[in-house]
Amino acid sequence: MKNYLNISDLENLQVAVEEAVDLKKQPLAFQNLGKGKTICLLFFNNSLRTRLSTQKAAQNLGLNVVVMNFGSEGWQLEYEDGVVMNQDKSEHIKEAAKVIAQYCDIVAIRAFASLTDKVKDLSEIVLCSFKKYAGIPVVNMESAIGHPLQALADAITLEENKISHKPKVVLSWAPHPKALPHAVANSFVEMMQLQNAEFVITHPEGYELDTKITKSSTIEYNQEKAFKNADFIYVKNWSSFKNYGQVVKNDSDWMITGDKMKLTNNGKFMHCLPVRRNVVITDEVIDSENSLVIKQANNRTYAAQIVLKKILETNG
Ligand code: CP
């Protein structure tokens, strides 16, 4: 695997999940693989889980890790060609990416959607520009439109907690006071489309995700109907895709409550975190035995580790 930009970069999701479950039993089994090599983690946005789990995963493989909060500490980058750079951008991506590539063997990048410029966000300009100019493997630590490390951790968590061969998995929108990106939901949908599962997406009208991603996935506008007999409820807020980046309505009725969870088949609750208690989900649900959120966060390490292992194995 040369890069990990999307869940589809994995040759076989199920095999990767099984390898990650094995790796979890012996996380230091490949600690010489990355010896003498360096990974740069570049953060254009905040992080807790991605930063720490990717760093731990890299260290488990023997990699040196350099972390930079690029958004607050780096020069503002210009991505367009032929621009007269007499405004606020100090450095062009062409130089920055090539310079960074001299200091490391893999570069991992977090750069969220702007939620103001749909065309630019959909073009994945930050991630794609690094891929184009750095010439070393690139890992997506959440980009404008995807969060494939989270989706792989979610697939591992589903595998470890499912009790039937074909579980019912529901992705539910939930309210949030701020406009949030689509990346986590998009990658979860793409991952679920590779699973043997009954998959349902539920959200209020106006919150349809990009149809290029949802394709023929089932959409149910009645949240309670969607929850019936579900084995897993995966909750996430996202802003409108059609009215790009807008909070078109913030219906508190869509919060995940204990009563709604009673409609499920003793369903497990999942969320990528961070989550706002008693806005997205009640304390009762997140503190319940059926909440998998801490296990999901733990699986972020093994998702990142299996991805970095495959990249190191491919790129020598
Ligand atoms: N789920 C996730 O990516 O968490 P962070 O934003 O804290 O990294």
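Start by selecting Cys-272: this residue is buried, at 8% relative accessible area (buried is under 20%, exposed over 50%, partly exposed in between, with a 1.4 Å probe and protein chains only). You're looking at a predicted model, where local features need pLDDT of at least 70 and side-chain atom pairs count only at pLDDT 80 or more, while totals for chains, interfaces and linings use all residues. Residues are numbered from 1 along each chain as its sequence is written, and side-chain values use heavy atoms, with hydrogens and water left out.

Cys-272 is one of the residues around the ligand, and the others are Ser-47, Leu-48, Arg-49, Thr-50, Arg-110, His-147, Gln-150, Leu-273 and Arg-300 (the cut-off is a heavy atom within 4 Å). Colour this shell by class and you get 3 nonpolar, 4 polar and 3 charged residues. In that scheme Ala, Val, Leu, Ile, Met, Phe, Trp, Tyr, Cys and Pro are nonpolar, Asp, Glu, Lys and Arg are charged, and the others, Gly among them, are polar.

Now draw some distances to ligand oxygen atoms. The ligand exposes 250 Å² when taken alone, and the protein buries 92% of that (Shrake-Rupley areas, 1.4 Å probe).

**Another cysteine**

Next, jump to Cys-128. How many disulfides are there? The count is 0, with a disulfide being two cysteine sulfur atoms within 2.5 Å. For Cys-128, the nearest cysteine sulfur belongs to Cys-104, 18 Å away. Cys-128 is partly exposed, at 39%.

**Salt bridges**

Side chains of opposite charge can pair when their charged atoms come close. The structure holds 12 salt bridges (a side-chain nitrogen of Lys or Arg within 4 Å of a carboxyl oxygen of Asp or Glu).

Select Lys-24 and Glu-160, whose closest N and O atoms are 2.9 Å apart. This pair links helix α1 (residues 13-25) to helix α7 (residues 148-161), across 136 residues; helices here are DSSP runs of H or I, at least four residues, numbered from the N terminus. Both ends are partly exposed: Lys-24 at 25% and Glu-160 at 33%.

Last stop: Arg-277 and Asp-283, bridged at 3.0 Å, N to O. Arg-277 is partly exposed at 40%, as is Asp-283 at 32%.

Conventions
Helices (H or I, at least four residues) and strands (E, at least two) are DSSP runs, numbered from the N terminus.
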